[in-house]
Amino acid sequence: MNSVFHDLYTKYHQDLFQFLYYMVKNRVEAEDLVQEVYIRVLKSYDKFEGKSSEKTWLFSIAKNVAIDHFRKQRGWKDRLFDKFDWERREIKDSKTLPEDTVIQNEEVKILKECLDTCATNHRIVLIMRFLNGLSIAETAEALNWSESKVKTTQHRALKSIKEKMENERRKEDDHHASI
């Protein structure tokens, strides 16, 4: 089991952390949730039937860990209320990772801000598909959805994020024009 666990850790740790970080927007919480994923993997690896890839199985567990985390949070709606910028109608910017601070590309910054405002299902699909590189089939399996639902959700999420990015660009352009 040690070698199997080590292989899983080596192959997928960064992807799991990134997925959970984008879900919870907090490095420490994401690290704790990754540990919870590994605990569940150790407890249930003997039940893994191999019907899906290990990666899909891990992301399915990670999704459930994130959902459990949100459910366990007492008063999460109140905290969300405090984190919402009512004038801009979006989640206030949270602390960024040091490596994110280095990235100066305005498009990436806008994309990240828009991703933060997406519906949870949209964000999950976009993160799994484009940041973690899962296929539509793998994403469907991890989420226990049909491939059709993944495609539809992805299409709606991309449309939504495109509109949000265009609005942000217009705001930036208007701001620069007024200066």
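A word on what you are looking at. This is a predicted model, where local features need pLDDT of at least 70 and side-chain atom pairs count only at pLDDT 80 or more, while totals for chains, interfaces and linings use all residues. Residues are numbered from 1 along each chain as its sequence is written, and side-chain values use heavy atoms, with hydrogens and water left out.

Now the overall layout. The protein chain has nine helices and two strands, and these are DSSP runs numbered from the N terminus: helices are H or I with at least four residues, strands E with at least two. In sequence order the pattern reads α-α-α-α-β-β-α-α-α-α-α. Of the 179 residues in the protein chain, 37% are buried, meaning under 20% relative accessible area with a 1.4 Å probe, protein chains only (exposed is over 50%, partly exposed in between).

Back to our pair. Two packed helices are described by the angle between their axes and the distance between the axes. For α1 and α3, the axes come within 10 Å and cross at roughly 30 degrees; axes here are lines fitted to C-alpha atoms over the stretch in contact, with angles from 0 to 180 degrees between N-to-C directions. Residues of α1 including Leu8, Tyr12, Phe19 and Met23 meet residues of α3, among them Leu58, Phe59, Ala62 and Ala66. Contact means heavy atoms within 4.5 Å. By class, the contact of α1 with α3 has twelve nonpolar, one polar and four charged residues. Nonpolar covers Ala, Val, Leu, Ile, Met, Phe, Trp, Tyr, Cys and Pro; charged covers Asp, Glu, Lys and Arg; the others, Gly among them, are polar.

What about α3 itself? Helix α3 runs over residues 54-72, 19 residues in total, and its first and last C-alpha atoms are 27 Å apart, close to the expected 27 Å, which is 1.5 Å times one less than the number of residues. Its buried residues include Trp57, Leu58, Phe59 and Ala62, and their cover includes α1, α2, α7 and α8.

Last stop: Ile124, in helix α7. Why does Ile124 count as buried? Because its relative accessibility is 6%. Beyond its neighbours within four places in sequence, Ile124 is in contact with Phe19, Met23 and Leu143.
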